[in-house]
Each structure stands twice: as C-alpha cells, then as structure tokens.
Amino acid sequence: MNKNKIIATGSVFIERKFIRNCGKVAHIEDIVVDSAARGMNLGKKIVGFLTDHAQSTGCYKVILDSAAAFRQPFSRGFRTPPFISSFLLEKRSINVTGLIDDENAESIIFQLMYFEYRNPKAPIQMIINSGGRLITSGLAVYDQMKALKCHVHTCCVGNAASMAAVLLAGGEKEFRYASANSSVMIHSAIGGYQGSSKDVQITFNQLMAEEDKIVLALARDTGSSIDVIRKCIERDNFMSPQQAKHLGLIDIIGTLPPFPRQNMNIPRPTMI
C-alpha cells in the first residue's frame, strides 16, 4: 500500500486525502501532531481518533510533540504558514533564529533526531541567524550535531554570534557557509552571580570550565591552536565572512545550494 504522511500543525492543517478517507485510513507511516494542535478542541479530536485507530489497527504510529519540527518563531504577530513548515521539514532544513535558550535548543534537538530517524544518510541544512545566549543550551545542540550519523550543513545569514558561531563552525567541514553580508562574532564566556564569596568563586570556576569547552570545540572545528582561539575571544570579535573563513569558522562565502526542484510538487494542505 502507498504510505501517506499526515501532518497536523498549529492551525490543524491536514492533507485532503486524509479528510476524505478519515474513516478508512489505508496505511499511514507517520502522523506528527504538535502541542498547539493538541490544545485546540478539534486538535484533541484528531489526536484522539488517530491514537485510537493506531492502537486498534497497528497501521501507524502517532508522534506527539515531535512538535519541534513545526515550532516557528512569531514575527510581528504572524506565524510561518504551516505548509511552509511542512516543506522545510520535507527538505530537512532547520532555522536557528533568535536566542539559543533551553526551549529553542530542545526544538532544534528534536528536529535533528527526527531527521536522522527519517534518513540517517541524507544531510541536514541548518540556517543560522542568532545572537546566541546560553552556553549549556548551545552545547546541548552541538553535542547532538556531532552525535548524528548524518552530516549537518550550516549557513550563517545575517548574524551568528556567541554560541551560534560555535554551531556554525560545528557543521560538516567543506559545507559551512556564510552569506556575503553576514557577520560572525565570538567572545569569552559571560555570566553573573550574586551570593556568598565562596558560591561566587564556585560559579566563576564553572563559567571558566564552560569557556574551556567552547575553546576546545572551536580549536577542533577550525584547526587553529587553543592559544589562537583564546586570543580571538578575549573581547567581542566581530568578523566578516572573509575573516571567518580565514580563521576556519566557515568554508564557503555564499548560501546553501537551492532545494532540488524535481520534488517540489508537495500537495498544499487544507485547513479544517
């Protein structure tokens, strides 16, 4: 039987074919339902039907809260259209936008894991426009990138600063891009703490230990020595794509190759 993929996103979008044959689903490979859809009454009905059907027939599995694949940042009150999110999911593309915190790191990690599950041999595209933020969250994403069987191709558009620059450099060598007018910035670890003198010292030591991890990661990915990296991050170090390439943070000045056009006939979802 043909395998169809059913996707319900934040506004409860779903393929027409599934709506027509809702009572007699053939053979479904994956169903991805995000938390926003689950929060709606209609979303709950969809999830309930799919779960019951899966348990009774075993035809397919429901992936609840693999939602990360569809979480898109809001921009001036507008949300990325769900069919665009579905297209990027199909093309194995991740957007790292905004601050890198625990929530965004979780979303990125889930997407990486999902893409590896779907095809461990195909590369993943990671488009970065971020000012970074938390070292621990960034290292969580970095570790997942390195643990994947598939390669991660990175590209900076706009800005890759702090931990975002570490993720940029952590991509597969020879496939790390930066657009012509982008900028890359690396610097030393930043933190603050208020408390007893002993606790302040403990926090400071932990901060320096995290900075050491960043230095080692950048030295490994750029091919530069640890001393060179430490000197580069003494202060905020803003670099042009040419300077970033010279340091070894990127390999190519330009953008990622366009998506292949032969597989672009993706059915447009309809809204219930």
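Modeller: Two strands pair if DSSP finds at least two bridges between them, while helices (H or I, at least four residues) and strands (E, at least two) are DSSP runs numbered from the N terminus. The model is predicted: local features need pLDDT of at least 70, side-chain atom pairs count only at pLDDT 80 or more, and totals for chains, interfaces and linings use all residues. Residues are numbered from 1 along each chain as its sequence is written, and side-chain values use heavy atoms, with hydrogens and water left out.

Biologist: Which residue in β7 stands opposite isoleucine 124?

Modeller: Strand β6 (residues 124-130) and strand β7 (residues 152-161) run parallel and are joined by 6 bridges. Within β7, the residue that stands opposite isoleucine 124 is valine 152.

Biologist: Which residue in β6 stands opposite serine 93?

Modeller: Strand β5 (residues 93-97) runs parallel to β6, and 5 bridges join the two; together with helix α5 (residues 102-118) they make a right-handed β-α-β unit. Serine 93 has as its opposite residue in β6 glutamine 125.

Biologist: How many of the 7 residues of β6 are buried?

Modeller: Buried means under 20% relative accessible area, exposed over 50% and partly exposed in between (1.4 Å probe, protein chains only). For the chain of 272 residues, the buried share is 45%. Strand β6 is mostly covered, and of its 7 residues the number buried is 5.

Biologist: Why does serine 137 count as buried?

Modeller: Serine 137 is found in helix α6 (residues 135-147). It counts as buried because its relative accessibility is 2%.

Biologist: With the side chain of which residue does the side chain of serine 137 make a polar contact?

Modeller: Leaving aside neighbours within four places in sequence, serine 137 has contacts (heavy atoms within 4.5 Å) that include Ile100, Asp101 and Ala105. A polar contact is an N or O pair within 3.5 Å; within protein, one atom must be able to donate a hydrogen and the other to accept it, and residues adjacent in sequence count only if both atoms are side-chain atoms. At 2.5 Å, the partner of the serine 137 side chain is the side chain of aspartate 102.

Biologist: What distance separates the C-alpha atoms of methionine 163 and leucine 99?

Modeller: Methionine 163, found in helix α7, is buried, with a relative accessible area of 2%. Beyond four places in sequence, its contacts include Ile100, Leu134, Ile135 and Ile214. Methionine 163 and leucine 99 lie 64 residues apart along the chain, and their C-alpha atoms are separated by 9.4 Å.

Methods:
A crossover is right-handed if, with the strands pointing away from the viewer, the path from the first strand over the helix to the second runs clockwise.
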